[in-house]
Amino acid sequence: MHVAVFTGELLFVLYKGLGICFYEESFQPARLAKYIDENDVQVFGCTPTLLYHLSRYLQGESLNSIVLSGERLTEGVANIIKEKLPGKKFYNVYGMTENSPRVSTLCPEEFFDKIGSVGKPIMQTKVK
């Protein structure tokens, strides 16, 4: 498991006492979208590219928050997900393994106004 997913998602879910679903098949956007819908997934973490491909199939009625990381979010992809997934809260998180791993977060209130930004440093983090 990648350290970002482990510390940024898995440990957070366990700390909050939330349920977690693991999709264990190869990436097939239509199947993953169906899995998300059938399991009432509320929070989903992925790369912008994965969400771009998934957005064609995702109904996402239960989804309320989507956390993007692992690569740069382009303006084109941001516009597509804004159109296809209206009303969802999007977070763009940035970090490195060496920083265990979160450094900054772009929160939903600024997400579509500051496309390409990695947001502001998280608490107790200094950046240069």
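Begin by selecting Ile36, Phe44, Leu51 and Leu68: these residues have the most contacts inside the largest nonpolar core, which has 20 residues. The model under view is a predicted one. Next, colour the elements that give two or more residues to this core: helix 2 (29-38), strand 1 (43-46), helix 3 (48-54), strand 2 (65-68) and helix 4 (75-84). In soluble globular proteins, nonpolar side chains tend to be buried together.

Select its 5 strands, which form an open sheet in the order 1-2-3-4-5, with mixed pairing. Strand 1 and strand 5 (120-121) are the edge strands, and each of them pairs on one side only. Strands of a sheet pair through backbone hydrogen bonds, either parallel or antiparallel. To examine one pairing, select strand 4 (residues 102-106) together with strand 5: the two run antiparallel and are joined by 2 bridges. Within this pair, select serine 104 and then proline 121 in strand 5, its bridge partner.

Leucine 14 belongs to helix 1 (residues 3-16). Is leucine 14 buried or exposed? Its relative accessible area is 54%, and leucine 14 is therefore exposed, the cut-off for that term being over 50%.

Methods:
Residues are numbered from 1 along each chain as its sequence is written. This is a predicted model: local features need pLDDT of at least 70, side-chain atom pairs count only at pLDDT 80 or more; totals for chains, interfaces and linings use all residues. Side-chain values use heavy atoms; hydrogens and water are left out. A nonpolar core is a set of buried Ala, Val, Leu, Ile, Met, Phe, Trp, Tyr and Cys residues joined through side-chain atoms within 4.5 Å. Buried means under 20% relative accessible area, exposed over 50%, partly exposed in between (1.4 Å probe, protein chains only). Helices (H or I, at least four residues) and strands (E, at least two) are DSSP runs, numbered from the N terminus. Two strands pair if DSSP finds at least two bridges between them.
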